[in-house]
Amino acid sequence: MKFYRHGSQYAEFLGIDPFLAELIRQIPQAADAEDSALAQGRIFSSPSPDNAELAADWKELVVPELKTQFRSAVSLVEHDLAENLCESDGDDDFPFRLQIPLEHTDAWLSALNQARLVLTSRYEFSDEELNERFPPQLKSLRELVLYQITIYGWMQELLLTTLP
């Protein structure tokens, strides 16, 4: 997979194989924390968990707005995936490309970060596991999810290079 920035218009991932294209398509589902209290706790954690009053205010006043912002980011990513993740002419083994409008970069960074946090919480990965750049092999669902987290992190790194 290659990454390019095209002026001030969009970033592009090229040469995506079908397996990676499927992992990229799963970003919105991976970012969904609704069915996991552990993931919600990680994403919406209070900045002061030892202060009950501040934690209650955080939950009442800040978390709803964060949820709205996160849903909006994921919705924009879903739209971009539907419109801009497609097959291109050329290499049969790596036939997909993804174009991301640069004005959507913040939404992509948010959705990718949410997906990584939710997956990390759901599968309870340790810091040591997360520090492995890529799992040595993909023989289990857990190793596949760790690979997915790594790919999303790599996409975040590349998208950060597009920011001014």
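**Order of elements**

I read the protein chain along its sequence and noted the pattern β-β-α-α-α-α-β-β-α-α-α, which amounts to 7 helices and 4 strands; helices here are DSSP runs of H or I with at least four residues, strands are runs of E with at least two, and both are numbered from the N terminus. I keep in mind that this is a predicted model, in which local features need pLDDT of at least 70 and side-chain atom pairs count only at pLDDT 80 or more, while totals for chains, interfaces and linings use all residues. Residues are numbered from 1 along each chain as its sequence is written, and side-chain values use heavy atoms, with hydrogens and water left out.

**Overall dimensions**

Along the principal axes, I noted that the C-alpha atoms fill a box of roughly 60 × 40 × 25 Å.

I then noted that buried residues make up 41% of the 164 residues, where buried means under 20% relative accessible area, exposed over 50% and partly exposed in between, with a 1.4 Å probe and protein chains only. The accessible surface comes to about 9,400 Å², of which carbon and sulfur atoms hold 50%; the areas come from the Shrake-Rupley method with a 1.4 Å probe, and for residues only the protein chains shown count as cover. Of the contacts (heavy atoms within 4.5 Å) between residues at least 6 apart in sequence, I recorded that 66% join residues at least 24 apart.

**Helix α4 against helix α5**

I asked myself at what angle α4 and α5 cross. The axes of helix α4 (residues 52-84) and helix α5 (residues 105-123) cross at roughly 105 degrees and come within 8 Å; axes are lines fitted to C-alpha atoms, for helices over the stretch in contact, and angles run from 0 to 180 degrees between N-to-C directions. The two helices are therefore roughly perpendicular to each other, on a scale where angles under 35 degrees count as roughly parallel, over 145 as roughly antiparallel, 65 to 115 as roughly perpendicular and the rest as oblique.

From α4 I listed Phe70, Ala73, Val74, Leu76, Val77, Asp80 and Leu81, which meet Ala107, Trp108, Ser110, Ala111 and Gln114 in α5. The residues of this contact divide into 9 nonpolar, 2 polar and 1 charged, with Ala, Val, Leu, Ile, Met, Phe, Trp, Tyr, Cys and Pro counted as nonpolar, Asp, Glu, Lys and Arg as charged, and the others, Gly among them, as polar.

His104 belongs to the loop between β4 (96-101) and α5, and counts as buried at 14% relative accessibility. Apart from neighbours within four places in sequence, His104 is in contact with Leu76 and Asp80.

Most residues other than glycine have a negative phi.

**Ala11 in β2**

Ala11 lies in strand β2 (residues 10-16) and counts as buried at 0% relative accessibility. With neighbours within four places set aside, I found Ala11 in contact with residues including Phe3, Tyr4, Leu98, Ile100 and Leu159. Ala11 and His104 are 93 residues apart in sequence, yet 9.8 Å apart in space, C-alpha to C-alpha.

**Helix α1 against helix α7**

Last, I looked at helix α1 (residues 18-25) and helix α7 (residues 141-160), which pack at an angle of about 80 degrees with their axes 10 Å apart. That makes α1 roughly perpendicular to α7. I noted that Phe19, Leu20, Leu23 and Ile24 in α1 meet residues of α7 including Leu144, Tyr147, Gln148 and Met155, and that the contact has 9 nonpolar, 1 polar and no charged residues.
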